[in-house]
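Here are a few exercises to work through with the model open in your viewer. Try each one before you read its solution.

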2 protein chains.
Amino acid sequence: MSFAPLLNTTFLRACLGQATEHTPIWLMRQAGRYLPEYCATRAKAGSFMGLATNVDYATEVTLQPLARYPLDASILFSDILTVPDAMGLGLSFQQGEGPKFEKVVRDEAAVAELAVPDMDKLRYVFDAVTSIRRALNGRVPLIGFSGSPWTLACYMVEGGGSQDYRHVKTLMYARPDLMHRVLAINADAVAQYLNAQIDAGAQAVMVFDSWGGVLADGAFQEFSLAYTARVLTQLKRHGTDGAVVPRVVFTKGGGQWLPEMMPLACDVLGLDWTTHLGRARAVLADALAHPATDGQAVRPTALQGNIDPNVLFAPPEAVRAQARAVLDSFGTPHIDAARPGVTHIFNLGHGISQFTPPEHVEHLVDEVHRHSAQMRR
Amino acid sequence: MSFAPLLNTTFLRACLGQATEHTPIWLMRQAGRYLPEYCATRAKAGSFMGLATNVDYATEVTLQPLARYPLDASILFSDILTVPDAMGLGLSFQQGEGPKFEKVVRDEAAVAELAVPDMDKLRYVFDAVTSIRRALNGRVPLIGFSGSPWTLACYMVEGGGSQDYRHVKTLMYARPDLMHRVLAINADAVAQYLNAQIDAGAQAVMVFDSWGGVLADGAFQEFSLAYTARVLTQLKRHGTDGAVVPRVVFTKGGGQWLPEMMPLACDVLGLDWTTHLGRARAVLADALAHPATDGQAVRPTALQGNIDPNVLFAPPEAVRAQARAVLDSFGTPHIDAARPGVTHIFNLGHGISQFTPPEHVEHLVDEVHRHSAQMRR
């Protein structure tokens with residue numbers, strides 16, 4: 001497969017700890033319901049999964065935010081639950097209710113039936129990756145993604161979203177052996193899934209550990225972090241075009257475990273808004289100054305995040321002030337082109353809300369570019 | 001007012017950094033729906049607020065868990081939303097839906113109407129405190145409580161529970177001046193409310209900052225922590241019997257901000273299950289070894305928490321193993337009777353679930369007492 005040369009390399013360079021002219025920005029869920037054009041395409045598609053499984057629609061909505069805002073990256077339009085769906089659990093989306101699985105995985109028999117799915121069942125995702133990459137035509141890089149093994153397990157055991165994670169934690173505390181089996185299968189499935197996205201044209205990959213933060217200290221390390229690590233060690237480092245494919249890991253609510261994430265074979269760690277970026281940067285800088293001697297080549301060197309998406313409900317001037325505050329909290333940008341440093345990729349600390357006024361996003365993107373360029377002068 | 005002498009002083013001593021024979025344990029929401037006898041009383045009362053506003057019923061349910069388990073403290077049966085209700089916002093509980101306010105506080109006019117309520121409207125709470133203290137007859141101490149200024153504001157602005165805190169954060173980011181006015185009123189109301197509970201017989205007080213953890217770094221310090229501090233500096237230090245009344249502050253999701261909580265004029269900091277108790281203890285030990293020279297007498301010297309309440313769904317042996325793991329994570333208990341140290345009060349990291357099997361709680365309480373006594377030998 002060959003694709004057009006990449007014109008905006010800011011995001012990929014920042015992922016690898018390289019100095020950039022400004023701080024790159026993209027937004028989790030940037031193709032979403034806050035955009036009227038997204039809602040129009042979704043209406044044509046009939047349903048969320050109708051949108052995600054149709055290559056043309058998925059391409060169309062992925063590109064929509066780029067037509068409005070000078071974002072520095074795009075992300076595949078899909079859902080984190082495609083993998084358990086391919087495992088045969090029967091995913092559906094009830095109107096206004098979030099995802100639901102027909103089958104839940106709560107006992108030995110259900111766990112015994114689980115297996116890494118045939119990746120052919122996820123062909124529609126890989127086709128979308130290739131289609132989007134072509135449509136982007138080198139404008140910005142395309143990020144592929146997956147849910148983390150633990151986050152997928154939450155949905156598989158709960159059968160949908162949850163407030164208290166009662167079923168998945170019951171299984172974890174009562175039958176840790178079964179939970180480990182689920183997680184091992186999930187990890188290997190996620191690794192194959194992300195590698196297939198890389199082969200299809202993804203220029204970076206992100207693991208969303210959306211529910212890692214609901215775990216207790218100790219349980220997080222054992223049931224989430226270990227399996228994210230298992231995914232990462234299986235990932236291809238290069239795309240079909242030979243370029244390095246950076247890896248992003250985002251554990252919502254995981255700020256306290258940052259030191260324990262440092263051995264992960266990823267390039268970028270995502271943070272939510274509860275973590276001070278400057279303090280997190282110090283953890284990465286320290287690791288960079290004292291490299292581990294275990295021979296592992298890939299280490300976190302960039303932070304991604306972390307403005308509260310609710311900031312976007314405030315008037316433009318407040319949005320701009322909060323954007324500056326996040327940039328300033330990271331501190332003086334890394335500007336030495338001769339060596340890698342700790343870099344910052346601006347993002348939200350959570351997916352953008354459907355109630356966001358689209359014009360406020362314009363102010364956010366503009367202020368991040370403007371202020372971060374000024375900080376480098 | 002005079003009350004029977006206190007027989008079990010373990011909890012109060014641990015609050016003040018004094019050595020105890022075992023680690024005291026009580027459970028957030030220990031009088032709750034997981035107990036069939038609670039459900040029976042609630043059925044008689046007709047509604048949740050019917051239960052909370054009736055002195056006899058509130059006394060009855062507060063004592064129910066003590067009849068089952070050798071807990072080391074009791075906590076007033078009430079709701080954190082009594083204060084905004086007394087402000088005239090009209091609290092009600094829809095069946096299975098959580099709290100709802102008739103009036104929401106989202107604009108300048110609504111904020112202008114707010115004031116510290118007449119404490120006479122909360123007489124039913126203070127009467128319950130006195131009634132419960134009498135009924136306890138010195139068996140264990142009685143903890144009074146309130147929501148934090150920020151947590152109350154969340155409900156007042158959202159009008160009930162929320163998934164995204166969109167309205168309260170919009171007000172905060174768009175009109176910080178209005179939010180500061182709400183929080184100042186809340187703080188002064190909470191201080192009066194807790195002082196009246198102390199006068200009525202509460203032997204310790206706890207501030208529940210249940211939603212502090214949804215704030216961004218920076219916003220937490222400005223909109224939650226500062227107002228919890230404002231409450232604490234107004235609190236009475238002694239009860240009518242002359243005994244010191246320890247203060248507990250619990251910010252769910254606040255583990256990362258522990259160092260910034262150290263200047264709080266409280267005795268105990270609560271932690272949820274995401275924070276490693278041993279690491280938190282080191283923060284408190286360091287502060288104890290290097291006392292601030294600002295003349296403030298009250299400083300955090302104890303940690304309260306932090307087992308995941310979902311552990312209680314596992315079989316008894318797993319419950320016991322997890323209880324030991326939490327005790328062990330705190331480390332060797334403070335045993336020097338001659339000087340204060342950092343102490344541990346065992347609790348859940350969140351209120352107990354209504355689905356908890358009551359007999360599992362027996363195993364938890366027993367194992368905490370047994371293992372923590374053994375750790376001291």
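Two strands pair if DSSP finds at least two bridges between them, and strands (E, at least two residues) and helices (H or I, at least four) are DSSP runs numbered from the N terminus. This is a predicted model, where local features need pLDDT of at least 70, side-chain atom pairs count only at pLDDT 80 or more, and totals for chains, interfaces and linings use all residues. Residues are numbered from 1 along each chain as its sequence is written, while chains are lettered from A and ligands numbered from 1 in the order in which they are written.

**Exercise 1. Work out the strand order of the open sheet in chain B.**

Start with the order: the seven strands of chain B run 1-4-5-6-7-8-9, with parallel pairing. Next, find the edges: strand 1 (74–75) and strand 9 (343–348) of chain B each pair on one side only. Now zoom in on one pair: strand 8 (residues 302–307) and strand 9 of chain B are parallel, joined over six bridges. There, B:A302 sits opposite B:T343 of strand 9.

**Exercise 2. Find what helix 11 and helix 13 of chain B lie against.**

Take helix 13 (residues 277–289) of chain B to begin with: it packs on the sheet and touches strand 8 and strand 9. Its direction makes about 165 degrees with that of strand 8 of chain B; axes are lines fitted to C-alpha atoms, for helices over the stretch in contact, and angles run from 0 to 180 degrees between N-to-C directions. Then look at helix 11 (residues 219–232) of chain B, which lies across strand 5 (204–209) and strand 6 (247–251), at about 165 degrees to strand 5. Contact here asks for C-beta atoms, placed from the backbone, within 7 Å.

**Exercise 3. Describe how chain B superposes on chain A.**

In chain B, the C-alpha nearest the axis belongs to B:Q256, 3.0 Å away.

**Exercise 4. Take apart the contact between chain B and chain A.**

Count first: 29 residues come from chain B and 29 residues from chain A. Then sort by element: helix 9 (166–174) and helix 14 of chain B give two or more residues to its side, and helix 9 of chain B gives the most, with five.

Key: Copies are superposed by least squares on the C-alpha atoms of residues with pLDDT of at least 70 in both. Two residues are in contact if their C-beta atoms, placed from the backbone, lie within 7 Å.
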